[in-house]
Amino acid sequence: MGVSVDVLGTDGQILGGDSLLTDGEWVWRKDLHFYVETYHLELPHEFSDRVRAFEGQPPEVSVERLQELTADISRTFG
């Protein structure tokens with residue numbers, strides 16, 4: 001777990017910020033909360049509704065689904 005810096009320019013540092021979280025459908029960085037709180041970002045309603053549905057704790061995701069998501073991310077950002 002490392003420290004990431006605010007990519008939008010403040011001196012903010014976020015412990016473990018570049019770690020990834022998922023609910024099996026959405027994938028987001030652990031530091032998303034920092035950007036929402038600091039910059040008042042509006043997230044897609046579909047994402048916010050899912051987060052509320054599991055009360056902020058992502059559900060357990062199967063290894064197979066994690067492998068699929070990893071492959072998708074690698075193709076997109078690789």
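Q: Is Ser4 buried or exposed?
A: Buried. This is a predicted model, and in it Ser4 has 8% relative accessibility. The cut-off for buried is under 20%, so Ser4 qualifies at 8%.

Q: Where does Ser4 sit?
A: In strand E1, which covers residues 3–5.

Q: What does the side chain of Ser4 make a polar contact with?
A: The side chain of Asp31. The distance is 3.5 Å.

Q: And which residues is Ser4 in contact with, leaving aside neighbours within four places in sequence?
A: Gly12, Gln13, Ile14, Gly17, Asp18, Arg29 and Asp31.

Q: OK, Asp31 then. Where is Asp31 found?
A: In the loop between E4 and H1.

Q: Buried or exposed, that Asp31?
A: Buried. Its relative accessible area is 1%. That falls under the 20% limit, so Asp31 counts as buried.

Q: Which side chains does the side chain of Asp31 make polar contacts with?
A: Two come up here. One is the side chain of Ser4, at 3.5 Å. Another is the side chain of Arg29, at 2.6 Å.

Q: What is Asp31 in contact with beyond its neighbours within four places in sequence?
A: Ser4, Ile14 and Gly17. Ile14 and Gly17 are also in contact with Ser4.

Q: Switching to charges. How many salt bridges does the structure hold?
A: Six. Side chains of opposite charge can pair when their charged atoms come close.

Q: What does Arg50 form a salt bridge with?
A: Asp23. The closest N and O atoms are 2.6 Å apart.

Q: Arg50 and Asp23: buried, exposed or partly exposed?
A: Arg50 is partly exposed, at 28% relative accessibility. Asp23 is buried, at 6%.

Q: What about Asp49, which residue does it form a salt bridge with?
A: Arg52. The closest N and O atoms are 3.1 Å apart.

Q: Why are Asp49 and Arg52 separated by about one helical turn?
A: Because they are three residues apart in helix H2.

Q: How exposed are Asp49 and Arg52?
A: Asp49 is partly exposed, with a relative accessible area of 47%. Arg52 is exposed, at 58% relative accessibility. The line for exposed is over 50%, so Arg52 passes at 58%.

Q: Which residues do salt bridges with shared partners join into one network?
A: Asp23, Glu25 and Arg50.

Q: How many residues line the largest pocket, and which lie nearest its centre?
A: It is lined by 15 residues. Leu21, Trp28, Lys30, His33 and Gly56 lie nearest the centre.

Q: Which elements each supply at least two residues of that lining?
A: E4, helix H1 (32–39) and H2. H1 gives the most, with four residues.

Q: What does the lining of the largest pocket have by class?
A: Nine nonpolar residues, three polar and three charged.

Q: Last one, Phe54. What is the place of Phe54?
A: The loop between H2 and H3.

Q: Buried or exposed, Phe54?
A: Buried, with a relative accessible area of 18%. The limit is under 20%, so Phe54 counts as buried at 18%.

Q: What is Phe54 in contact with, leaving aside neighbours within four places in sequence?
A: Asp23 and Pro59.

Q: How far apart are Phe54 and Asp23?
A: They are 31 residues apart in sequence. In space, they are 9.1 Å apart, C-alpha to C-alpha. That is the Asp23 that forms a salt bridge with Arg50.

How values were computed:
Residues numbered from 1 in each chain as written. Predicted model: local features only at pLDDT ≥ 70, side-chain atom pairs only at ≥ 80, totals over all residues. Heavy atoms only, no water. Buried < 20%, exposed > 50% of the residue type's maximum accessible area, 1.4 Å probe, protein only. Polar contact = N/O pair within 3.5 Å; in protein donor to acceptor, adjacent residues only side chain to side chain. Contact = heavy atoms within 4.5 Å. Salt bridge = Lys/Arg side-chain N within 4 Å of Asp/Glu carboxyl O. 1 Å grid on protein atoms, 1.4 Å probe; cavity = no way out; pocket = protein on both sides within 12 Å on 5 of 7 lines; lining within 4 Å. Nonpolar A, V, L, I, M, F, W, Y, C, P; charged D, E, K, R; others polar.
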